[in-house]
Amino acid sequence: MTHLLRRSKFWTALLAAPVLIGASQTPPAPPPALPVPTATNPLDTVVEPGTVSEIVPFIQPFDLDATRRMAVEVMVGGEGPFSFLVDTGAERTVIARELAARLGLVEGAKLRLATIGGSATVPSFRIAALQMSDLHLAAVDAPAFHGRHIGAAGLIGVDMLEERRVLIDFRKERMQILETRRRAPSLIRDDDAIVVSARNSAGRLILSDARLHGKRIDVIVDTGAQTSVGNMALQRLVAARRANRLPFSATELTAVTGEDVPALRTAIKRIAINGLDINDLPVSFADSQAFRALGLHERPALLLGMDSLALFDRIEIDFPNRRVVFDLPDGAQRQTGQRFAANMMRPRS
């Protein structure tokens, strides 16, 4: 987990409004020309077709790896099912241009989105209806990107998750989107489960009480990111506190537009989240427009990717109740009332 290349390329992406980025060491295989739909965000500006709206942050997802993608089956306008990645770091649901063309969707307004590399103007397509098992979603105007850059048939963002919860079972390699209600009990009730409260920022949940060397940082659980990505404020903090396990090395992130973005990569020695320590965490740092669009460029911020999340047995992300529940793996133990996970996660000294 801590091996770094002298210079390597990591693929990442960003979705509308508050932004999150995902990165992977190898680009995913081009999908079979299938894309994703999305629910409109109430913060987005309504514009007429052919015009360009305000800049909205955007994020693109990536698989956990080439063979284990965390996705759900979605019907688009009664056709499908198509496999969509679930991205808790992306504000907008997205559809691949190839799928939109295949289904003959009507093109709508052009949207200007902030990506990890800057901003881009992309078309949107009207999706009459989306359905996931017994969940029915309203009609939406979904921004569209090329399927080879999305890395899947489509992407489901937080615009569809605000009143729901996401349950990820890494043991069974399954992800579910479920209905929930305020004050509903957690689905994970193991004795070793850790419940972390969060605050809501533009639809995304930012974990409370996350720190690096005593300095508070913003941490967002990003199921669309294969590896973790930090902003430059976090990179400066890591360098100042000498919190990097390895020297910083040059790398690149590839935005959803296909644009290469320079970045730095290292492994952070330790980040503490509500009594849980994450050690030797691989992170790429980028001066991204996406962080600025989210208002997370001045304060240290981290998008916690699937490489770290997969260390747990299960994770429940409950948006209405603003909490994330981590189910520790079998190898975890308790010490002086503190719980910790195996591998990269250890108890505080």
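Which residues are linked with Arg 165 in a network of salt bridges? Let's work up to that one together, starting with the ground rules.

This is a predicted model, in which local features need pLDDT of at least 70, side-chain atom pairs count only at pLDDT 80 or more, and totals for chains, interfaces and linings use all residues. Residues are numbered from 1 along each chain as its sequence is written, and side-chain values use heavy atoms, with hydrogens and water left out.

**Exercise 1. Trace the salt-bridge network that contains Arg 165.**

Step 1: Apply the criterion, a side-chain nitrogen of Lys or Arg within 4 Å of a carboxyl oxygen of Asp or Glu. Over the whole structure this search returns 17 salt bridges.

Step 2: Take the pair Arg 165 and Glu 316, whose closest N and O atoms are 3.0 Å apart. Arg 165 belongs to strand E12 and Glu 316 to strand E24 (residues 314-318), so this pair ties together parts that are 151 residues apart in sequence. Strands (E, at least two residues) and helices (H or I, at least four) are DSSP runs, numbered from the N terminus.

Step 3: Check burial, where buried means under 20% relative accessible area, exposed over 50%, and partly exposed in between (1.4 Å probe, protein chains only). Arg 165 is buried at 7%, and Glu 316 is buried at 0%.

Step 4: Complete the network: Arg 165, Glu 316, Asp 318 and Arg 323 are its members.

**Exercise 2. Describe the salt bridge between Asp 218 and Arg 199.**

Step 1: The closest N and O atoms of this pair are 2.9 Å apart.

Step 2: Asp 218 sits in strand E18 (residues 218-221) and Arg 199 in strand E14 (residues 193-201), so the pair links distant parts of the chain, 19 residues apart.

Step 3: Asp 218 counts as buried, at 3% relative accessibility, whereas Arg 199 is partly exposed at 36%.

**Exercise 3. Find the largest nonpolar core and follow Phe 326 within it.**

Step 1: Join buried Ala, Val, Leu, Ile, Met, Phe, Trp, Tyr and Cys residues through side-chain atoms within 4.5 Å. The largest core has 75 residues, and those with the most contacts inside it include Ile 156, Leu 234 and Phe 326. Strand E22 (residues 276-285) gives the most to this core, with five residues.

Step 2: List the contacts (heavy atoms within 4.5 Å). Leaving aside residues up to four places away in sequence, Phe 326 touches, among others, Asp 192, Leu 207, Phe 312 and Arg 314.

Step 3: Look at helix H3 (residues 232-240), where Ala 233, Leu 234, Gln 235, Leu 237 and Val 238 are buried. The cover over these buried residues includes strands E16 (210-212), E21 (260-273) and E22.
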